[in-house]
Amino acid sequence: MAAQDAPILIVGGGIGGLAAARALALTGRRVHVLEQGRAFGEIGAGIQLSPNVFRMFERLGIEDAIRADAVFVDDIRFMDSLTGEAVMKVPLKQPFEARFGKPYAVTHRGDLHTTLLKSCQELDDRIVLETEAKVTGYTDQGDRVTVRLADGTAREGRALIGADGLWSKIRAQMLNDGPPRVSGHIAYRAVLPYDQVPENVRWDSACLWAGPKTHLVHYPLRRKELFNMVAVFHSDRYVEGWDLTGDRDELMQRFEGVDPRPASLLSRITDWRYWVLCDREPVRDWFQGNVALLGDAAHPMLQYFAQGACMATEDAVCLADFLEQAGDDFPRAFEAYRDARYLRTARVQLMARLLGEIYHAADVRADLRNHVLGMRTPEQSYEGLAWLYDGP
């Protein structure tokens, strides 16, 4: 295959990788996605979608499909899990959409991924989707990039995008910067059938119960068929993976003493899955020659801003824009993409860490948090998030 005819290789078939494939294909590029799993799919349940990512869905031509699966919650609620106090409520319907031009919603991660996958399959004349393709390394030869697979075979492309997540093999070879930073926090996730949710918490809200070294997030999913729950607490455990079996007894012990409402929710779950929360220090080195990083491979972040998938989708659209402008000058396009993205994503990375401290505050710090948040008007909350929700 002549170098100019070779596709752009994307390692990783998650949300960021498929968004990049779709965005590049819409500009006329040929793309080859390499996914190490036996099938394309997403682990996990709920995901929050803010206005900045809805603008990217519009660019990708998938906004209507995303909206069909999403739940457009009435508000965001911040609750004190010890006192039961309603600290802050941020309306999300008409005034929010009037300010930002796009909505705030929650959806199932699998539904979002399926929509992206179908949108790529529609472009099968430009996008090749390959499974069981575990990439172990790459070689940048100047006019093309070759990736090596665990089965001993290789794939060639004009350039390479590493969208292979927190434990990225592409990043490891490019930067050799060691393992991710362990936050000291662990997240348990579960879903309940919606009709099993106690009526006193069956709110049409994205709700967070904050407590000392713990918090619980919950909201409805799939047209209110399911109720998503994520419980986070401090732990020194470190296991690599996203889908491990949780210890219900440990979870209940960590949340002992919370308000009866979150306690009743937690007690209804017997089967928890968990993952250890990790991130990395922000870096500028997102590319090298014809190879670039995207999403968690470039800027892994804690989930406290609910922006991991949003930032990866922004990356995808931005990268496609710069490649369309630069033609086949991949290093120039990758440098422009990095320059446009790294400060924004670094801000989210660092602010997410700070939010974790705010959520998990105790004693006087918690009182101060509640006092400050309780004084904010909805309009002040909107403007405080404008740097993020107004988009890149």
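I took contact to mean heavy atoms within 4.5 Å. The model I consulted is predicted, so local features need pLDDT of at least 70 and side-chain atom pairs count only at pLDDT 80 or more, while totals for chains, interfaces and linings use all residues. Residues are numbered from 1 along each chain as its sequence is written, and side-chain values use heavy atoms, with hydrogens and water left out.

**Entry 1: Gln349**

I looked up Gln349 and found it in helix α10, residues 330-359; helices (H or I, at least four residues) and strands (E, at least two) are DSSP runs numbered from the N terminus. Leaving aside residues up to four places away in sequence, I noted that Gln349 touches Arg280, Glu281, Pro282, His299, Pro300 and Met301. Gln349 counts as buried because its relative accessibility is 2%; buried means under 20% relative accessible area, exposed over 50% and partly exposed in between, with a 1.4 Å probe and protein chains only.

**Entry 2: aromatic pairs**

I next turned to rings of Phe, Tyr and Trp (its six-membered ring), which pair if their centres lie within 6.5 Å; planes under 30 degrees apart count as stacked, over 60 as edge-to-face and the rest as tilted. The count came to 19 aromatic pairs. One of them, Tyr188 with Tyr274, is stacked, at 5.5 Å centre to centre and 20° between the planes. Tyr188 lies in strand β12 (residues 181-193) and Tyr274 in strand β17 (residues 273-279), so this pair ties together parts 86 residues apart in sequence. I recorded Tyr188 as buried at 0% relative accessible area, and Tyr274 as buried at 5% relative accessibility.

Tyr194 is in the loop between β12 and β13 (205-211) and Phe227 in strand β15 (residues 226-234), so placed 33 residues apart that the pair links distant parts of the chain. Tyr194 is buried at 15% relative accessibility, and Phe227 is buried at 0% relative accessible area. I also noted that ring pairs link Phe96, Phe100, Tyr104, Tyr382 and Tyr389 into a cluster.

**Entry 3: charges over rings**

I applied the rule that a charge sits over a ring if NZ of Lys or CZ of Arg is within 6 Å of the ring centre and within 35 degrees of the ring normal. Arg77 lies over the face of Trp203, 4.5 Å from the ring centre. The charged end of Arg347 sits over the ring of Trp387, at 3.9 Å from its centre.
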